[in-house]
Amino acid sequence: MMDQADSRDGVSELRSAIAHAGLSEPLKARAQAILEQIERPVRLALFGLPGSGKSQILNFLAGADVLPKDTPLPTLQLSYGAEAVAECTLPDGTVQILPMDDMQAISALKPAFINAKMPLPALRKISILEVRAGASPTEQKRAMGWASKRSDVALWCTKGPFGRDEHALWVQMPAALQDHAFLIMTHADKPSVEEAYPGRAEHAERTMRDHFQKVLPIGTQKAISARNKDGTVDKETLRGSGGMALIAAILRVVEAGQQGARDQADVFLRQIEFTPPQQTPTAPPPPEPPKVEATQEPQSTTLGAASREACEQAVAQLTAEGTMMAEALGSVGLDDAEVVDICVDTVVWLADFLAESGEPGDQAMSKLRATAVDAADLVQLIQLETSETVASDSVSIMVQVKQEMQQTLAA
């Protein structure tokens, strides 16, 4: 896998190749397809029988009360848009556009399909398709077959034990989608997920491992309540509800898919032997962000040789990421969402890199690995927040991890 700096350079170079390399039409089409795959939000689909809690899962993932409870609506696609509107396709094929906050009027149209757009931060990463159909196997199969062709990741929602009828429907889905699917056990609204489903998640994991990546119980109402009115997130409540595990699982699939597309971009650029034109910086980089005090004391033990080498490489990568971000801020400018995306990519990469590097029994390295995993969880959760400090909070986490690694190297 490429490191983060190389992958982002590859995206910029791919755009430059499309504009300046004089590609033939087939090569240009291939380059455009790779670029669209990188930049397109991952298409998430919610499946399940009526009453299985799909709409509440959609609200949780979107970070807003998009669909009121018990609203009669058809299958709905939710994606990012500058304005909150619903493009309602009627049974005769005509389309009417209504504000998303007028659910009564939308429902009164009795549309066959709704393409909803909202300016929600989560929708920059994913689009969400809620598949609605009757309980009969015929209706479910028809809807599932249509949706499977428009989905990258699937969530099958169930409010009880994964029954025989549900199993019979799910096993007919394409194997490629089953490989990117999660079984979501909803309605686990008790003090803890374990109390809600004692032993059932483990049983489902054993019996359904060939059809789902993972079984994830979630107390949906508790997870939704973890979002505060000021835009922040109560992380402990979210963790206890199972919501954090669901978000982390989805983000890992999102990152894996985008990284695969970036790898394709790198291979493509090597094949056409493209050299990007030299560019003169339009502005000097701004000063480094103020240092943030590390939250943990320096390591009391020292790193082994292999761990030290890996740690030095990681610190160099973090430094390079900070420099790239500073240059981008000074030249083209980045919005808060782009800053957060860079921080997420970097910290998730760091956690994966440290997990695979260094000496397994090295206590100092083990502590750094744990720090990186915690940082990855935190920075991913920050994406859910809508407060004005999301970008600075994300940068602070990245800086804190770097400082702890530097302290460990100096010990």
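A salt bridge is a side-chain nitrogen of Lys or Arg within 4 Å of a carboxyl oxygen of Asp or Glu. Keep that in mind for the first stops. The model on your screen is predicted. It holds seven salt bridges. This tour visits some of them, then a pair of helices.

**Stop 1: Arg43 and Asp152**

Select Arg43 and Asp152. Their side chains form a salt bridge, with 3.0 Å from N to O. Now color the elements around them. Arg43 sits in strand β1, residues 42-47, while Asp152 sits in the loop between α5 (137-148) and β7 (153-158), so this pair ties together parts that are 109 residues apart in sequence.

Arg43 is partly exposed, at 24% relative accessible area. Asp152 is partly exposed too, at 23%. Arg40, Arg43 and Asp152 are linked in a network of salt bridges.

**Stop 2: Glu87 and Lys117**

Select Glu87 and Lys117. Here the salt bridge spans 3.7 Å, N to O. Which strands does it connect? Glu87 belongs to β3 (residues 85-89) and Lys117 to β5 (residues 113-118), so the bridge ties together parts 30 residues apart in sequence. Check the surface again. Glu87 is partly exposed, with 23% relative accessible area. Lys117 is partly exposed, with 28%.

**Stop 3: Arg270 and Asp266**

Move to helix α12, residues 243-272. Select Arg270 and Asp266, whose side chains meet in a salt bridge of 2.8 Å, N to O. Both residues lie in this helix, four residues apart, about one turn.

Asp266 counts as buried, because its 19% falls under the 20% cut-off.

**Stop 4: helices α14 and α16**

Two packed helices are described by the angle between their axes and the distance between the axes. Select residues 336-356 for α14 and residues 390-410 for α16. The two axes come within 8 Å and cross at roughly 30°. Angles under 35 degrees count as roughly parallel, and α14 and α16 are therefore roughly parallel to each other. Their crossing is left-handed.

Now show the side chains where the helices meet. On the α14 side, pick Asp336, Val339, Val340, Cys343, Thr346, Val347, Leu350 and Leu354. On the α16 side, pick Val390, Ala391, Ser394, Val395, Met398, Val401 and Met405. What kinds of residues make up this contact? Twelve are nonpolar, two are polar and one is charged.

Note on methods
Residues numbered from 1 in each chain as written. Predicted model: local features only at pLDDT ≥ 70, side-chain atom pairs only at ≥ 80, totals over all residues. Heavy atoms only, no water. Helix = DSSP H or I, 4+ residues; strand = E, 2+ residues; numbered from the N terminus. Buried < 20%, exposed > 50% of the residue type's maximum accessible area, 1.4 Å probe, protein only. Axes fitted to C-alpha atoms, helices over the stretch in contact; angles between N-to-C directions. Parallel < 35°, antiparallel > 145°, perpendicular 65-115°, else oblique. Left-handed = near helix turned anticlockwise from the far one by under 90°. Contact = heavy atoms within 4.5 Å. Nonpolar A, V, L, I, M, F, W, Y, C, P; charged D, E, K, R; others polar.
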